[in-house]
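Open the model in your viewer and keep the selection tool at hand. This tour goes from stop to stop.

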Amino acid sequence: MLGHLECFVSSAELGSFSAAGRKLGISPAAVGKNITKLEAQVRVRLFQRNTRKLILTEEGERFLQEVKGGLLSIQCALKGLSSAGGVAAGTLKVSMGTAFGLHFMLPMLPGFLARYPAIIPDWHFDNRQVDIIGEQFDAALGGGFELAQGMIARELAPAHGVLVASADYLRRQPALQHPEQLAEHAGIFIRSPQTGRIRNLPLRNPDNEQRPAAMQVAMTVNEPAAAAQAAEMGMGIALIAMPNALPYLESGHLVRVLPEWYVDRGSVRLYFPSLKFLPTKTRVFVDYIIEQFRTQQLAARFDARRK
């Protein structure tokens, strides 16, 4: 019965038996056979089938909502059996932003594995917002994820964006004292990996005044690390997230521009399933990341409002 439900949920989410089969590692014919058996057991037609795609019936839609959360709980409970006796073990699949992951998360890994040597990290460095449940991630770090049913988002730190440039660039340009003067400067912009558009969030200051970051578009990139490096090369002013800017600011390779002004992008969060049977490997990872953020004072270091 569990295999039948897995085939049903995967087919409903992916829209075809072929895609469900690739995800589950079985043939499309096997997926179709399992769903036919499930329909016979529940005595309800779950899909309208045609040559191009699958469409859930009204009963199928209702059944999907009723079983999806329970299926995830069962799957995680079965995964948790690999952590028998409270020992954290197994593959830990985690998504995180590229620069954030390389600068902050990867250095935490040796200490984590020293504590939990039976865990095998499967870490994905990607700036897109993955489908945590659909792609079967154990956890994800970042911001802006849709909080799907059955997920928890633990806030770790503010997600602020700051204006940065090289000291050499600023020496060669007119002095900057007000946001309105940004219009005279070359801007290095980052496209959203989801929409391909340049984010146009306003700058704000401690008095909650808001101004646009209206720079001339000198160049656009799709990777925050590239924007930071271009700014370091003196090509203009970049507006990048504090976690991506911090290594450059702390090393002195970049400096804040208009340091009282920043962009508020919400929070850096740790996402994971809210399940009674959360695998031990996931639970210890969550605890370790929260501990490291506290020990390294990352919430304060990521706060663009600090003096």
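Is F302 buried or exposed? F302 counts as buried, at 0% relative accessibility. Buried means under 20% relative accessible area, exposed over 50%, and partly exposed in between, with a 1.4 Å probe and protein chains only.

Before moving on, note the ground rules. This is a predicted model, where local features need pLDDT of at least 70, side-chain atom pairs count only at pLDDT 80 or more, and totals for chains, interfaces and linings use all residues. Residues are numbered from 1 along each chain as its sequence is written, and side-chain values use heavy atoms, with hydrogens and water left out.

**Stop 1: aromatic pairs**

A pair of aromatic rings is described by the distance of the centres and the angle of the planes. Here rings of Phe, Tyr and Trp (its six-membered ring) pair if their centres lie within 6.5 Å; planes under 30 degrees apart are stacked, over 60 edge-to-face, the rest tilted. The count comes to 11 aromatic pairs.

Select F8 and F63. Their rings form a tilted pair, 5.3 Å centre to centre with 45 degrees between the planes. F8 lies in helix α1 (residues 2–14) and F63 in helix α4 (residues 58–80), so the pair ties together parts that are 55 residues apart in sequence. Helices (H or I, at least four residues) and strands (E, at least two) are DSSP runs, numbered from the N terminus. F8 is buried at 0% relative accessible area. F63 is buried too, at 17%.

F100 sits in helix α5 (residues 98–105) and F302 in the segment after α11 (298–301), 202 residues apart. F100 is buried, with a relative accessible area of 9%.

Next, select F112, Y116, W123, F285 and Y288. Ring pairs link them into a cluster.

**Stop 2: a charge over a ring**

Show K93 and F137. The charged end of K93 sits over the ring of F137, 4.5 Å from its centre. The rule: NZ of Lys or CZ of Arg within 6 Å of the ring centre and within 35 degrees of the ring normal.

**Stop 3: two buried residues**

Go to S11 in helix α1. S11 is buried, at 1%. Contact means heavy atoms within 4.5 Å. Leaving out residues up to four places away in sequence, S11 touches S16, F17, A20, V31, I35, F47 and L54.

Finish at V162 in strand β6 (residues 151–165). V162 is buried, at 0%. Beyond four places in sequence, its contacts include A238, L239, Y262 and A304.
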